[in-house]
Structure formats: C-alpha cells, structure tokens
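Walk through the chain contacts of the model shown here, then through the fold of one chain.

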Amino acid sequence: MTARVAEAVGPGFLAAIDSLDACKKRVQRAWSQMEDLFPICRSITGDGVRQTLARISADVPLEITEVPSGTPVFDWEVPREWNVREAWIEDERGRRIVDLRDHTLHLMSYSVPVDAVMTLDELKPHLHSIPERPDWIPYRTSYYRDGWGFCLPHRALEAMRPGNYKVRIDSRLEPGTLTYGECVVAGTTAEEVLLFTHICHPSLCNDNLTGIALATTLAAEALRSIRPHFTYRFVFAPGTIGSITWLAQNEKNVQRVHHGLVLGLAGDRGPLTYKRSRRGDTEIDRIAAYVLGSIDTSARVVDFSPYGYDERQLCSPGFDLAVGRLTRTPNNEYAEYHTSADDFSLVDRDALAQSLLASASILRLADRNARYLNLNPKCEPRLGKRGLYRPTGGNHPGEFEHALLWILNQSDGGHSLLDIAEKSKLPFELLAAAADALVSVDLLRRQQSERLEEMSP
Amino acid sequence: MTARVAEAVGPGFLAAIDSLDACKKRVQRAWSQMEDLFPICRSITGDGVRQTLARISADVPLEITEVPSGTPVFDWEVPREWNVREAWIEDERGRRIVDLRDHTLHLMSYSVPVDAVMTLDELKPHLHSIPERPDWIPYRTSYYRDGWGFCLPHRALEAMRPGNYKVRIDSRLEPGTLTYGECVVAGTTAEEVLLFTHICHPSLCNDNLTGIALATTLAAEALRSIRPHFTYRFVFAPGTIGSITWLAQNEKNVQRVHHGLVLGLAGDRGPLTYKRSRRGDTEIDRIAAYVLGSIDTSARVVDFSPYGYDERQLCSPGFDLAVGRLTRTPNNEYAEYHTSADDFSLVDRDALAQSLLASASILRLADRNARYLNLNPKCEPRLGKRGLYRPTGGNHPGEFEHALLWILNQSDGGHSLLDIAEKSKLPFELLAAAADALVSVDLLRRQQSERLEEMSP
Amino acid sequence: MTARVAEAVGPGFLAAIDSLDACKKRVQRAWSQMEDLFPICRSITGDGVRQTLARISADVPLEITEVPSGTPVFDWEVPREWNVREAWIEDERGRRIVDLRDHTLHLMSYSVPVDAVMTLDELKPHLHSIPERPDWIPYRTSYYRDGWGFCLPHRALEAMRPGNYKVRIDSRLEPGTLTYGECVVAGTTAEEVLLFTHICHPSLCNDNLTGIALATTLAAEALRSIRPHFTYRFVFAPGTIGSITWLAQNEKNVQRVHHGLVLGLAGDRGPLTYKRSRRGDTEIDRIAAYVLGSIDTSARVVDFSPYGYDERQLCSPGFDLAVGRLTRTPNNEYAEYHTSADDFSLVDRDALAQSLLASASILRLADRNARYLNLNPKCEPRLGKRGLYRPTGGNHPGEFEHALLWILNQSDGGHSLLDIAEKSKLPFELLAAAADALVSVDLLRRQQSERLEEMSP
C-alpha cells in the first residue's frame with residue numbers, strides 16, 4: 001500500500017480495541033463495575049434499577065427515561081413499581097432461616113408484602129428450591145400475578161422442621177415508574193445501530209452483569225473513537241417489559257435501526273454464540289458469522305428462535321428488526337443459569353475480553369461495510385496513471401492490486417465489501433483500504449444504504 | 001396443554017386412522033374388496049370397469065360418468081367400447097392351449113374379433129410371452145391400433161407344435177362409453193384435494209387393486225370423519241385416457257384443485273415412495289416428505305419424471321397441478337410388474353396398512369396446514385393473562401409455551417404450520433394445537449389460502 | 001429413432017470435429033501455424049501483430065481493423081505504435097551479451113530507443129532476470145510508461161563483469177495504429193457468440209500461440225460446417241488494450257452478444273479449466289460445466305475473478321457479458337508462464353486436441369440449446385398416430401420415447417434442452433433429436449431467445 005493509500009484509509013472505528021490484548025485491558029475496568037453492581041437488588045422496576053443505571057453513568061453518559069406505571073405498551077401496561085426493605089423467615093426460636101440481606105435471590109421478585117405467622121405446611125407452597133442442586137438458590141419472579149415466595153438451597157429447605165414460622169416481607173408495590181437508560185454515540189448518519197442489554201437480574205453475574213459490562217465498555221470506546229458512520233444507541237433496560245416499553249416509546253424511531261445486537265451472557269467459559277436475526281440472512285447476520293469465524297473456530301452461529309432475551313420483542317413480526325444476539329453459552333443451556341451459582345466463579349476475564357473483541361469487531365466491520373459504485377464501469381480504468389498499479393507488466397500483481405480489481409469489478413451497487421471479501425477471499429480490511437484508495441482518485445463512490453433510501457419521504 | 005386448549009383443538013380429520021394398528025384393521029375390509037375385484041376382466045372401457053365401480057360403490061357412494069365414444073378429449077378422442085365374451089386357441093385335437101376363462105391376462109386388451117384357423121407360423125406374431133420368465137403371463141394392450149393377440153407363459157408357447165390352430169376372439173369394439181366414478185367428501189371450502197387412482201388393469205393385484213383399495217378406504221374414512229377443511233375428490237378412472245377424459249370434462253374445475261395425490265402400487269414389500277409434483281416444491285411435496293420421513297426411514301422421495309401413471313396428464317404443462325404420487329415400488333421397477341406374477345402373493349397386508357397410514361397422514365397434515373396471522377404482531381402478547389403461560393418466571397417454559405411463541409413469532413402470513421414445524425423442530429400436531437389455542441383467544445387468524453384468493457374474481 | 005426422425009435431425013454444427021480423433025487431425029495443421037508464428041516479435045501494436053494476422057488469414061478470412069494512436073477508448077487511449085529493428089548489448093570486447101535476434105523476449109516490449117555506453121551499475125536497473133530460474137528469460141513489458149529494458153537468463157546476468165557496455169535499441173514509438181482482426185461466421189440470427197483470443201505475446205507458445213491456433217481452427221471448421229443458429233465472431237486482438245479498443249469500437253453492437261468464450265493457454269498438460277462468467281450462472285457457464293464434465297473428470301470449473309485475460313474487460317460491470325474463459329492451466333499458475341520456458345516443449349498435441357474438442361463441443365451444444373414450447377400442453381398428445389410411439393402397450397417405452405415425454409412435459413418456455421438434459425439424465429443429443437422430431441410433427445415450436453427479445457425495440 002502506498003503512502004497515498006495509507007493516508008486515504010486512516011484509523012478505523014473502534015480501532016483501539018482491535019486486539020485481544022487491548023480488550024483484556026478494558027476488562028479490568030469492567031470487572032470493578034461488575035463488582036459494584038453485584039450486590040444490588042434489581043428487578044424490572046424500582047430503586048435497584050436506578051442504582052444500576054447510576055453506576056453505569058459513572059463510565060458513560062446516560063439519558064434516563066422514567067415511564068409511569070399503567071402506561072399502555074402494546075398488549076401490556078407498565079407495572080407498578082416494586083421496592084423492598086427487608087424480607088425474612090424466622091423459626092420459633094427466632095433464628096432467621098432465610099434473609100434477603102444474605103442474598104438478593106432469596107426473595108421472589110415482585111413479592112407482595114407479608115407479615116404473618118404460619119405453619120411449615122402453609123409456608124411450603126411459597127418456598128422454591130432445586131432438589132438436584134441442593135446448595136444453589138434458584139431465581140424466581142412473579143411479575144404479573146400477585147404472589148410471594150422465598151428461594152433457598154434445597155438443603156436448607158429440608159432442614160426446616162414442622163412448627164410455626166414468622167414471615168415478613170416489607171415490600172411496596174405502588175404506582176411509580178419503569179426506568180431505562182440510553183447512551184447515544186452520534187455518527188455521520190441518523191441511521192442507527194442498536195445495542196440492547198437487560199439490567200433486571202439481581203445478584204447474578206454472567207446473566208446479566210457481563211452484558212452490562214460489555215455494553216458499557218463498547219459505548220465508552222465508541223465515544224472515544226473516530227466519528228462512526230452509523231449512530232450507535234446503547235439501551236440498558238429491564239428484560240421483556242423493558243424492551244416492550246422502549247419499543248412502544250420509540251415505535252416510529254425504530255425505522256432508523258439499520259441493524260443491531262442484543263448483548264448478554266458474555267463471560268462464561270462456553271464458546272461465543274451468535275443467534276441470527278429472525279430474517280436469518282441480514283447484513284448483521286453475515287457480518288457476525290464472518291467475524292466469529294475469523295476469531296474462534298469453536299464459535300457457533302445458530303438460527304433464530306423466539307425464546308431468549310429481548311430479541312423476542314425486537315424480532316417480533318410487527319418489528320422484525322435486523323437484530324441478532326451475541327452471547328457465550330445461551331440462556332438455559334448451562335446448569336448454573338438463573339441460580340446463585342451464576343456468580344464470579346462462573347465467569348472468566350479472558351472470555352469476557354474475547355466477547356468484547358468479537359462485538360467490537362462486528363461493529364467495526366458493520367460500520368465500514370458499504371456498497372460502492374464504480375464510476376468508470378466500462379472496462380478497467382488506467383490505475384497506473386493514478387499511481388495505483390506497478391509500472392512494469394508481465395509479472396504478477398500484488399494483493400493490493402488484486403483488491404483494486406475486485407472492488408472495481410464488483411462495485412455495481414449490488415455487492416458490499418463483505419460480499420467481495422467472501423467472493424475474493426481477500427481480507428476485509430484490505431478491500432476497505434482499496435475502496436478508500438479508489439474513492440480518493442474519484443473512481444468509486446459510496447452508495448447510500450438501502451434502509452436510508454427507504455426512509456426518505 | 002390445559003383443558004381449555006384441549007377443547008380448542010378437538011379430534012382432527014382422519015383421526016380414526018392415525019396409527020398403524022388402526023390401519024391394519026381397515027386393511028381387512030380392503031382385502032375382501034380386492035379379492036372380489038381380482039377376477040374381473042377390466043380394460044379402459046367396458047363392463048369390467050362398470051363392475052369394478054359397482055363393487056367400490058358397496059363401500060362408498062360413487063357418482064358415475066359415462067362419456068360417449070368419439071368425444072374429443074384434447075388431442076385424443078374417447079375410444080370405442082370394448083367387451084369380450086370368450087377368447088381361446090384350440091389345437092388340432094381340440095385342446096384349449098390358451099383360454100381367457102383361465103386368466104384375464106391371456107387376451108391382449110382391445111383385441112379385435114377373430115374366428116379363424118391358422119398355422120403356428122401365422123399365429124406366432126400374435127403370441128406374447130417373456131422368455132426370461134417362462135412361467136409368467138405378460139400383460140399387453142393394443143388400445144389405439146386395431147390388432148389382436150394372446151399372452152401366455154413362454155413354456156406354453158414353446159410347447160406348441162406346428163399344425164393348425166383354431167383361434168376365436170368373441171369381442172366387440174363398438175360405440176359405447178368410457179366410464180369413471182367419483183366420490184366427493186365435502187369440506188368447509190370448495191377448494192379440492194384430488195385423489196386419483198386407475199382402475200383399468202385386469203387380474204393384477206399390486207397394480208392396480210391395492211390402489212383401488214387404498215383410495216376406497218381413505219374415502220370411506222373421510223366420509224366418517226369430522227368435516228375437513230378441503231373438499232376431497234376421489235376419482236376412480238381408467239389410466240391415461242381416463243385422466244385425459246376427466247381433465248377434458250373438468251377443464252375449468254381443475255383450478256379448484258389445491259393439491260392432490262395419485263395413488264397406486266400400494267401393497268408390495270418395497271419402501272414407500274413419494275414422487276414429487278412437476279413443480280417439485282409444492283406444499284404437498286413438502287408435506288409428503290415430512291410425513292414419510294416420520295413414518296419410515298427407508299421411505300424414498302423422488303423427483304418428478306414424465307413417465308408413470310396419471311400424474312403424466314395431471315402434471316402436463318398445460319395443467320401442472322400440484323399433484324404428487326404415492327406408491328411403494330414404482331411402475332416398472334419390480335420384476336413382476338405387468339405380469340401374472342403380480343398376484344396376491346406379491347402383496348402384504350402390513351405394507352398396505354403402512355401405505356394407508358402414510359396417505360392418511362399426508363391428508364391429515366395437509367388439511368390442517370395453514371398460514372396464520374398474528375393479530376398482535378408488535379412484541380409478544382401477554383399470554384399469562386389469557387391462561388396460556390406459567391405464572392412464575394425465571395424457570396424454563398414447557399414445550400407448549402415454546403409452540404405458542406413459535407406460532408406468534410412466525411405468523412406474519414408468510415409461514416405455514418409446516419414451515420414452523422420444520423424450523424422449530426416441534427411436532428406439527430403440537431404447533432397445530434398451539435395455533436388453535438391462540439385462535440381461541442383472538443390472538444391469531446387463519447389466512448385464506450393463496451389458491452382461493454387467486455380463484456376469486 | 002425412425003428414419004423420419006433421423007432425417008429431421010440431420011448433421012449438427014461442427015459435427016466434423018465431434019471426436020478426439022477428428023480433433024487430433026486438425027491439430028496437425030494448427031501446429032504448423034504455431035511454428036510459423038513463434039519467431040515473430042509481437043507486441044500490442046506494430047508490424048508483428050500485422051504479420052500474425054496475415055498468417056491467420058492464410059487459414060480463415062479476416063477483416064482487419066486499424067485504430068489510430070490517440071483514439072480515446074474509455075479511460076484509455078490507443079498508444080503509439082511500437083516497432084523495433086534491432087536491440088542488443090555489447091561488452092567492451094564487442095561481444096553481444098544479449099540480442100533481440102536470438103530471442104524476442106530479450107527486449108522489454110515497448111522499450112524506447114537507446115544508443116549509449118554505460119557502466120554495469122548504470123545498466124543493471126534495466127536488466128530483468130529470474131534468480132530462481134537462472135536459465136529462463138522472463139517476459140516484461142512497459143506499455144504505458146516510457147522506459148527500456150532487457151530480459152536475460154539470470155546466469156547470463158551474473159556472468160556480466162564490471163565495465164562499459166554498449167546498448168542499442170533501434171525502436172520507434174510513433175503515431176500509428178492498433179491492429180486487430182475478425183472472422184465472422186454468419187448464422188441464421190444476428191445474435192452473436194463471441195470468441196476472443198489475444199495475439200500480443202512474442203515467442204511464447206502456450207500463451208498465446210495455442211489460443212490463436214485453437215481459435216483459427218474453430219473458425220475454419222465453423223466456416224465449413226452447416227449454417228449455425230448463432231453468428232460466430234472470432235476476434236484476434238492484443239490483450240487488454242485490444243479488448244478495450246474493440247469494446248469501444250463496438251459499444252452498441254455488444255448487445256448482440258448472446259454469450260462467448262475467451263480462449264487461450266490451450267496446449268499445456270494441465271487439466272481443462274473453465275472460468276465462469278462474472279454472473280456465474282449464465283447459459284454458457286452451465287453448458288461449459290456440462291461439457292467438461294462429460295469430456296474429462298479432471299477438468300475444473302472455477303469462479304470468476306477479475307484477474308486473467310480479456311474477460312477482465314468483457315466482464316467489467318459496464319458490459320458484464322456472458323463470456324467465460326476456456327484454458328488448460330490458467331495464467332500465473334504454472335512455473336513457465338511468461339518466460340522463455342513456455343516454448344514447444346511445454347505444449348502437447350493431444351492436450352491441444354482435447355481443448356479443441358471441448359471448445360467445439362461447448363459451441364455445438366450452445367448452438368443447439370433452446371427453449372421450446374409444447375403446442376399441445378394439455379395432457380400428452382397422441383404420439384402413436386404420428387409414428388413416434390410403439391403400438392403395443394403394457395411394456396416399457398424406449399429411451400427415445402422417454403426423451404419425447406421429457407421434452408413435451410418440460411417445454412413450457414421455461415426450460416431449455418440443457419435444463420431437460422440435467423433433469424432427465426438423458427443425453428443432450430437424444431433430447432435434441434426428440435425436439436426435432438416433435439417440431440417436425442408440429443407439436444413443438446422453438447422459442448426466440450430472451451436476449452433477442454430484449455433487443456427488439
């Protein structure tokens with residue numbers, strides 16, 4: 001590549017984290033965020049969510065939205081706000097059998113207030129455990145039906161003797177708000193890349209602290225990077241009802257979404273797993289497959305299914321956004337999922353760093369991918385007189401000259417850089433550099449994206 | 001599945017024969033029909049056809065059509081009617097060498113009348129045998145060229161000594177009619193599923209008595225079953241000229257045909273074989289492949305070719321109906337084909353029962369398959385408040401809840417239940433039940449089929 | 001096949017070279033052409049090109065076009081004409097170290113005039129060799145930058161001692177013309193099949209004398225053959241600038257090109273290699289794959305790439321012609337490529353004969369391929385009354401009858417003979433004969449090609 005070409009290319013979006021080593025450094029900072037967030041008693045509404053968003057704000061600027069309880073959001077409505085001060089069970093001798101203070105999982109999320117004495121038989125229907133994993137506390141919720149419950153290790157449950165138990169849940173279920181936060185990184189176009197992560201799980205580490213850490217780090221790096229092509233919107237919201245509410249609040253704006261990723265479960269030791277968007281062949285699907293294939297041969301790409309995280313809503317047929325999901329081991333596919341065993345021992349710094357590299361690489365490539373138009377489409381142009389071709393003929397051209405020929409030949413508006421990378425087997429970055437070089441000598445023009453054209457009135 | 005769901009689902013079309021055991025019971029009755037039909041001297045016209053249809057009428061109501069000889073039917077015309085009283089060859093000592101009374105295959109179908117004495121040399125061009133199978137009588141016809149002939153075991157032919165032979169064929173080739181029968185099972189729409197089987201072969205068992213037995217049994221069961229979605233038309237007609245005549249008589253009506261099956265060769269011990277429609281990717285093709293794959297791993301699905309039975313006409317380019325063919329070993333692919341060895345020893349009750357199960361399963365699934373429209377397409381609806389989702393969150397949903405999510409996510413009008421079954425790997429029946437449940441709570445609406453929309457003025 | 005059918009079929013286009021033996025005989029004549037052409041000092045312009053075209057004219061009539069230097073041709077212009085009388089280097093003792101008279105590769109093509117004495121150090125930047133192949137002379141050009149150079153074996157270069165060298169290049173770079181020749185074989189339509197071969201390489205045998213020999217032989221045979229369906233245009237032109245100039249001169253006419261082949265590198269011992277057109281799924285691509293598969297199991301079909309010979313220009317996005325390329329080992333994939341080792345020892349008569357067979361077979365099949373319309377599309381027509389079907393039924397039809405049924409069933413205007421050959425697995429020639437037979441009894445009509453329909457105003 002000549003100096004002229006190198007200048008035309010320049011440093012790319014998120015270039016600062018284009019290696020695993022750079023990502024490992026960023027994970028140090030992310031780890032301390034996760035440690036701060038772990039003890040907070042989060043749910044889909046309430047002060048735990050607000051504290052979580054405040055901690056994220058320490059790293060990136062967030063715009064906070066509060067949506068009042070009762071607001072209709074499609075087939076749902078924003079629920080009452082839930083907060084809890086204390087929750088415990090005491091035996092007859094005044095010993096605390098279970099106490100929210102010990103672990104946020106002990107209380108079923110959205111439990112109604114209780115202040116009662118009851119027998120073990122009366123209590124038992126409200127106690128949840130996992131007989132196969134007698135030392136783990138399960139994670140249970142009752143968001144949409146008034147109820148209450150405690151979760152505890154099966155061993156503790158079995159140790160409970162007949163007798164009277166004092167049960168106290170000092171919770172409030174009152175009109176309030178549902179809270180979510182957004183960090184927007186402005187690009188040169190209004191078209192958006194949407195990054196979505198859920199923030200409603202209490203003291204669970206892989207799900208969902210690693211997702212929060214990953215999204216925060218990406219946002220922070222994007223803010224520090226060169227101005228990207230797309231505008232990047234990071235949404236930190238409670239799962240399901242949070243994305244439903246966000247979609248309801250942004251029903252018109254979602255047409256701006258070019259594509260995106262749901263992020264989560266990013267730190268366990270399982271392989272990187274990309275789940276395709278509902279359409280299954282969108283640009284983000286192809287880019288993710290291309291990137292994962294280059295990062296880790298054990299990485300998996302799986303088809304869309306309507307169970308999982310917020311892609312359930314973002315990819316519902318009425319929206320059908322080009323949004324995939326990047327995780328390591330998906331929800332429900334590891335034993336510790338939604339139990340107290342999903343703690344810091346389950347997650348690994350190097351795994352989180354690899355997830356960061358993968359997601360940053362997908363965004364970097366997606367930001368750079370484009371269709372170009374060859375402005376001299378009839379026969380090849382004279383590259384030599386523009387300083388882009390070797391002067392002596394008869395010998396074999398170099399890889400960069402091949403890249404120029406590929407770009408010129410395929411740039412009829414119908415092939416993206418990714419298409420050309422796949423066809424030519426040349427590295428994407430080399431092709432991108434060749435495209436920049438050809439743009440710099442007025443032989444090529446970047447095409448407006450199809451989505452934007454659709455958006456124009 | 002809740003009681004509410006179970007009620008919404010109800011017993012399906014042809015539910016009475018959804019197991020191999022049930023099908024084996026039905027085959028008992030079919031067997032006695034085959035035994036009654038075997039001795040009849042059938043051809044493409046004549047009293048043999050009428051007797052055959054009369055025997056079918058004992059089991060299901062038939063509407064009989066008689067089309068006069070000479071009626072133009074596309075490039076053809078309905079031939080003269082052929083009937084025969086006796087046919088034999090006597091040697092000089094008055095011994096009957098060949099006699100139609102012994103086997104209906106002995107006489108070439110459509111032989112003109114003969115009453116003559118001739119030498120062996122004069123006779124030989126009219127004698128047909130199979131040297132490689134010296135004990136079998138071949139099946140030969142001369143429908144469209146005036147001729148005559150006898151078919152006999154090669155061993156018998158070789159035993160004939162030079163001398164004079166008395167030849168008598170007391171046949172009539174006269175203006176008459178071509179006869180076919182139809183049994184119609186009314187559905188809730190006028191769109192039709194066409195079941196076609198040929199009835200022109202004389203004493204041959206697998207081809208074509210098993211086809212007649214299969215179609216009769218299916219029709220009888222369909223008449224006894226709940227009212228299906230489609231209207232089912234069973235056509236019992238002579239091969240080739242019968243389907244040509246039927247198509248000529250119903251040229252306008254065939255646009256009603258949603259899809260269908262040609263049935264035949266259903267009792268031999270070879271594997272189930274589905275031959276795709278000419279288009280190769282129609283709904284019936286995909287359904288048949290899905291069903292056969294689930295019934296028998298040795299079952300085969302083969303591409304369309306323009307040789308075979310009445311799919312040759314139904315799939316001619318001017319009609320190109322979505323009609324496949326279900327057989328066991330296809331025509332011409334087994335040694336006994338079109339010889340006297342195609343008798344009751346060649347066919348097997350269990351094989352015929354499996355053919356019945358396969359064809360009934362295809363019809364059952366085809367009747368149930370549909371595209372639905374999610375009436376709440378933006379985000380998931382609240383299934384819990386409609387009694388369709390478990391109240392406690394955090395744990396894994398059951399298979400039925402997965403089915404609900406799949407149906408909701410994919411029902412944008414572009415995916416049928418079969419599409420969703422293939423994508424989700426969930427059982428078709430479970431998805432159908434989920435669709436019924438969602439229809440019952442007004443979250444889903446069945447789409448009119450595309451064919452019917454095309455038919456509307 | 002009946003006599004009637006055989007008559008309907010007749011001898012096909014290029015039938016005289018439909019066997020390897022016939023092709024081997026034609027190669028004898030081609031070989032002597034190659035021997036005559038080898039010593040000529042060719043370049044992209046000049047008398048070497050004219051002498052080459054004159055030798056080709058000895059075998060086939062050529063229309064010669066001379067395009068003046070300076071004529072704009074898309075992004076390029078026709079260069080000055082280059083001719084050379086002598087070129088050599090003498091050492092101090094008057095010994096000729098390098099002399100154009102010994103080998104045309106010794107002089108870098110388009111070298112400017114030089115008459116100077118210089119030291120070895122001054123001379124060295126102008127000397128080209130291949131250290132890894134010390135006995136071979138490389139082939140170098142400097143068409144578009146004024147320069148000069150000599151090419152020599154590395155061994156000779158290393159033997160040169162410090163001292164003064166006399167350098168003389170008696171060349172002229174003057175306004176003149178670029179020359180190309182065309183041989184047109186008229187068909188029954190104005191639609192053209194384009195055969196393109198480059199003629200600019202000096203004493204190199206596989207590249208490009210075998211291409212010239214192949215194209216000349218094909219043209220000579222086409223002129224002697226029955227009148228083909230398409231019009232065949234053979235273009236003999238210098239590489240790159242020749243095809244650019246030809247396209248510029250024929251910018252409107254190229255819409256006549258139905259498809260075509262670039263021919264070259266046809267005599268080495270590597271396997272036949274077909275390189276797909278840019279679109280990758282054109283008729284010529286499918287025909288070439290079909291033919292090569294039938295000729296040689298080691299033959300390769302490779303995807304288009306924008307590096308190679310004149311397909312670079314013919315398949316530039318502004319033209320995107322349906323033109324593939326037939327070679328044996330492609331450019332740059334064999335060690336002797338563009339060196340003096342590409343001489344008669346590299347090429348093999350049998351390999352060239354096989355290349356001739358392959359290219360002739362592709363043209364023969366391409367000329368014969370067509371879509372037909374069944375004029376009796378509703379049900380099968382009565383073939384028996386037209387003498388095309390056996391009179392006695394019940395037994396299996398022969399291959400020709402199968403071919404008739406396939407043609408009738410598939411000829412809805414959407415399937416070509418090649419499509420039907422691939423589906424039916426029947427030989428293309430048999431299907432072509434069946435189509436001819438059906439045309440002769442007015443059951444079938446050949447469709448106008450789509451390209452021609454597009455061309456109509």
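Between chain B and chain A of this predicted model, 15 residue pairs are in polar contact, both residues being at pLDDT 80 or more. A polar contact is a pair of N or O atoms within 3.5 Å; within protein, one must be able to donate a hydrogen and the other to accept it, and residues adjacent in sequence count only if both atoms are side-chain atoms. On the side of chain B that touches chain A, helix H11 (399–410) and strand E18 (412–416) of chain B each supply at least two residues. Helices (H or I, at least four residues) and strands (E, at least two) are DSSP runs, numbered from the N terminus. H11(B) gives the most to this side, with six residues. By class, the side of chain B that touches chain A has nine nonpolar, eleven polar and six charged residues, where Ala, Val, Leu, Ile, Met, Phe, Trp, Tyr, Cys and Pro count as nonpolar, Asp, Glu, Lys and Arg as charged, and the others, Gly among them, as polar.

Four salt bridges are counted between chain B and chain A, a salt bridge being a side-chain nitrogen of Lys or Arg within 4 Å of a carboxyl oxygen of Asp or Glu. Glu251(A) and Lys378(B) form a salt bridge through their side chains, at 2.6 Å from N to O. The contact (heavy atoms within 4.5 Å) involves 26 residues of chain B and 27 residues of chain A. The two chains bury about 2,400 Å² between them, with 51% on carbon and sulfur atoms; buried area is the accessible area (1.4 Å probe) that two parts lose on being put together, summed over both.

Chain A also meets chain C, with 26 residues of chain A in contact with 26 residues of chain C. The area buried there is about 2,400 Å², and carbon and sulfur atoms give 51% of it. The rule finds four salt bridges across this interface. Glu380(A) and Arg312(C) join their side chains in a salt bridge of 2.6 Å, N to O.

Chain A itself contains 14 helices and 19 strands. Its C-alpha trace spans about 95 × 45 × 35 Å along the principal axes. Of its 457 residues, 62% are buried, meaning under 20% relative accessible area (1.4 Å probe, protein chains only). Among contacts in chain A between residues at least 6 apart in sequence, 81% join residues at least 24 apart.

Residues are numbered from 1 along each chain as its sequence is written, and chains are lettered from A in the order in which they are written. Local features need pLDDT of at least 70, side-chain atom pairs count only at pLDDT 80 or more, and totals for chains, interfaces and linings use all residues; side-chain values use heavy atoms, with hydrogens and water left out.

Terms used
Buried < 20%, exposed > 50% of the residue type's maximum accessible area, 1.4 Å probe, protein only.
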